[in-house]
Amino acid sequence: MRGLSEKTLQFIKNSDDNVAVIIRSVINEINGENKNKLFLGIRENYIIVYSMGAMIVKIEFNTKGAYSKCHTHKKYLYGEGDGYESITLSNIDSFNELVVKVKNYVENKKASKTFEKQYQQRIMLSNNEMIGSNYFCYDMEYSMGTNGYGRYDILAISTCPNDLGKYNIGLIEVKVDSGSFGTATEKVKELMFEGCVKSKLNLICNKYKKS
């Protein structure tokens, strides 16, 4: 189950707390020019903000709906390190400083290891910006928890009902280059590009398929 409680939604909408103000600013940026290519993922009582496929910050809420804590990866703060560290976001400037650190790390130090996640987020944003797309991408890095099914790169929901009046859900795996399958056979290439969702997403796959 994923979602934010009504109390948390009211906190984000109306609170003068620094974190609520930052979240509203992030939403406004995403709905505007979105120069930092941000994506906000809503999880079970917490939010993750991404840029270039990398997690900028995880923001958690308590049972009363208010802000509880947030953290980011140590490698973004210090250029190296394992694990996560709690941080304080005092204002939008402190958030933007963290965005710069994440982007610098991805671009200058570990870019070769994050290409797939970068394309993953680019596909989502490009699709959602398209007028008339048949699917809306609403989450990334979706974990199946303890079920042992791993993670799905992108989750999308159809924007129009099917013949049964239901809305289809797309569970999408992103692969950058045929080598990510461990083979380069023609069959794999066929699956990569003919297996795209038959919507605007297909156009995006074609756009990036030479990458």
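Reply: Helix 4 lies across strand 1, strand 2 (46-51), strand 3, strand 4 and strand 5, where contact means heavy atoms within 4.5 Å. Helix 4 runs at about 145° to strand 3; axes are lines fitted to C-alpha atoms, for helices over the stretch in contact, and angles run from 0 to 180 degrees between N-to-C directions. Helices (H or I, at least four residues) and strands (E, at least two) are DSSP runs, numbered from the N terminus.

Me: What kind of model, and what's counted?
Reply: This is a predicted model: local features need pLDDT of at least 70, side-chain atom pairs count only at pLDDT 80 or more, and totals for chains, interfaces and linings use all residues. Residues are numbered from 1 along each chain as its sequence is written, and side-chain values use heavy atoms, without hydrogens and water.

Me: Which residues of helix 4 are buried?
Reply: Ser94, Phe95, Leu98, Val99, Val102, Tyr105 and Val106, buried being under 20% relative accessible area and exposed over 50% (1.4 Å probe, protein chains only). They cover an arc of only 150° around the axis, so they sit on the same side of helix 4; the arc is that of the directions from the helix axis to the C-beta atoms.

Me: And what exposed residues does the face turned away carry?
Reply: Glu97 and Asn108.

Me: Now the sheet. In what order do the strands come?
Reply: The five strands form an open sheet in the order 1-2-3-4-5, with antiparallel pairing; two strands pair if DSSP finds at least two bridges between them. Strand 1 (38-42) and strand 5 (84-87) are the edge strands, each pairing on one side only.

Me: Which residue is the bridge partner of Phe61?
Reply: Tyr67, in strand 4.
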